[in-house]
Amino acid sequence: MDTSAHGLATLDYAIFALYVVVIISVGLIVSRKNKESTEGYFLAGKSIPWWAVGASLIAANISAEQFIGMSGSGFAIGLGIASYEFMAAITLIIVAKYFLPIFIEKGIYTIPQFVEQRFSKSLKTILAVFWICLYIFVNLTSVLYLGGLALETILGVPLMYSIIGLALFALVYSVYGGLSAVVWTDVIQVAVLIFGGFMTSYLAVSFIGGDTGFFGGMGMLYDKAPDHFDMVLSKDNPQFNNLPGIAVLIGGLWVANLYYWGFNQYIIQRTLAAKSVDEAQRGILFAAFLKLCIPFLVVIPGIAAYVIVNDPTLLGQLGEGAKNFLPTMSTADRAYPWLTQFLPVGVKGVVFAALTAAIVSSLASMLNSTATIFTLDIYHEYIDKNASDRKLVNIGRLTALVSLVIAIFVAPMLGAIEQAFQFIQEYTGLVSPGILAVFLLGLFWKKTTTNASIIGVLASIPIALLLKFLPLEMPFLDQMMYTLILTMATIVFVSLATSEVDDDPKGIVLTKTTFATSTVFKLGSYAVCLITAAIYCLFW
């Protein structure tokens, strides 16, 4: 096989160009009706059906962070990194049943709005600022960097030009059209990225299998790298600090997942835009089933790249050009783009479109949510309370533009990081335990007070930093769990010590009907749990 590590044929460019035209056209067409009202721009007129909610959730979630970052971690760690995906499927069920009905009942546009209803305006503002900074300096920058790295590896385009190109693509339709444009283009993009991910896995594994094909290749994959198929890592594994054994299943990963899927504006926003609670729950259930498939699209390619790179026979079948871009443990994030060499002309264009779809859909979602939080929770609250719908929509667009410009300049600074996926989890983990503590107690413990929550969320960052920098050699997932426990203890202690009444006046009253779900949702939830348990039993 005489291949090169980057470059597309004319047919590939034509397919990619067609994809760009379709996405931009659909984004602009579907946004015409809703683009000038706040509910239309920020919540798509609350008209999204369940299948679009589910597809959009996955498109918003699956990004360069997964295709590039998680494949890189698959190269370095193995299937264990897929715990983020498998456990997310269970988390989605919990969010749909226990969190979402309360949010929709409150009629909120943003998560900070819920904070104001349950606690106070001051806590809402603190968390709004937290989220805006996190989205710009961690999420947007990491997606732009990893996406730019992919284009640089595949096409040979300089990193900064790649970053700017991706930013402009996301800007064209998402900033103009709002959430409608984001959600309906996500439906197309999730189909493209699933197909593209499947083709990359299939062809890379088939290359390893040779005459025995894909299924033979899967067997060889396991035989050549058995340590890369351990779902629960032992203490002697060099990657134990990233995935600390059984603690992954009962510890800090729950903190990361519950925060991300339950209280993350750019994820939860599309469920708030559903037609009803039942539609939103079915959409989340659909996303949970899709989530179980994702590791086979993004982690298996990373393991395949590891096997090929470390097998002289397989490596010898490649052209000299491919060998110039070999991923290593220190450049693991190059694994997925490096694998595109195995794709034939035409399919390579589709996979390139899929990769771009994953990147751009997440950028669009993050931009829309950053704009939503700043416009409704900062600008409308403190700068212009009498702003018209049209002015708020325009402020949202301007916010998205400024956020993107900042992220473009910060993104190249991530170049020194070995595994960007781990970087994202670790630095999000400084903020997420405190926010999760506030929400869990605010939702389910009526004695939680506003002052206790403010003290708790502000104390959570010093607690997290202390655990991080003390010479404890503690895995960051464990740090997150202990930060959550200590923050919750702080909030409980202050609430009990300062409250003069049994329950906080703003405490949420929960009834049996609050968490009622349909038969379809219950049966689907049981299926998701059983499949997840079977996967862990198989690869323990």
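Which residues does F103 touch, not counting residues up to four places away in sequence? In this predicted model, the list is I108, I111, F114, G262, F263, I268, L272 and L443.

## Overall fold

The protein chain has 23 helices and zero strands. Of its 540 residues, 63% are buried. Among contacts in the protein chain with a separation of 6 or more, 85% are between residues 24 or more positions apart.

## Nonpolar cores

The largest nonpolar core has 178 residues. Within this core, F103 and L144 touch the most other members. A second, separate core has six residues, including Y109, Y379, A387 and I395.

## Helix α7

Helix α7 covers residues 121–155, 35 residues in total. From its first C-alpha to its last, α7 reaches 48 Å. That is close to the 51 Å expected at 1.5 Å a residue. The helix has a kink of about 35°, and the kink is centred on Y135. Just after α7 comes G156, which takes a positive phi of about 80°.

Is α7 largely enclosed or largely open to the outside? It is largely enclosed by the rest of the structure, because 27 of its 35 residues are buried.

## Cysteines

The model holds zero disulfides. The cut-off used is a pair of cysteine sulfur atoms within 2.5 Å. C133 has a relative accessible area of 37%, so it counts as partly exposed. C537 has a relative accessible area of 65%, so it counts as exposed. The cut-off for exposed is over 50%.

How many salt bridges does the structure hold? There are eight. One of them pairs the side chains of K291 and E85, at 2.3 Å from N to O. K291 lies in helix α13 (residues 277–309), and E85 lies in helix α5 (residues 83–105). The pair therefore ties together parts that are 206 residues apart in sequence. Both K291 and E85 are buried.

K224 forms a salt bridge with D311. Their closest N and O atoms are 2.7 Å apart. K224 belongs to helix α9 (residues 213–224), while D311 sits in the loop between α13 and α14 (312–316). This pair ties together parts that are 87 residues apart in sequence.

D384 has 17% relative accessibility, so it counts as buried. The cut-off for buried is under 20%. K391 has a relative accessible area of 36% and is partly exposed.

Note on methods. Residues are numbered from 1 along each chain as its sequence is written. This is a predicted model: local features need pLDDT of at least 70, side-chain atom pairs count only at pLDDT 80 or more; totals for chains, interfaces and linings use all residues. Side-chain values use heavy atoms; hydrogens and water are left out. A nonpolar core is a set of buried Ala, Val, Leu, Ile, Met, Phe, Trp, Tyr and Cys residues joined through side-chain atoms within 4.5 Å. Buried means under 20% relative accessible area, exposed over 50%, partly exposed in between (1.4 Å probe, protein chains only). Contact means heavy atoms within 4.5 Å. Helices (H or I, at least four residues) and strands (E, at least two) are DSSP runs, numbered from the N terminus. The expected span of a helix is 1.5 Å times one less than its number of residues. The bend at a residue is the angle between axes fitted to the seven residues ending there and the seven starting there. A salt bridge is a side-chain nitrogen of Lys or Arg within 4 Å of a carboxyl oxygen of Asp or Glu.
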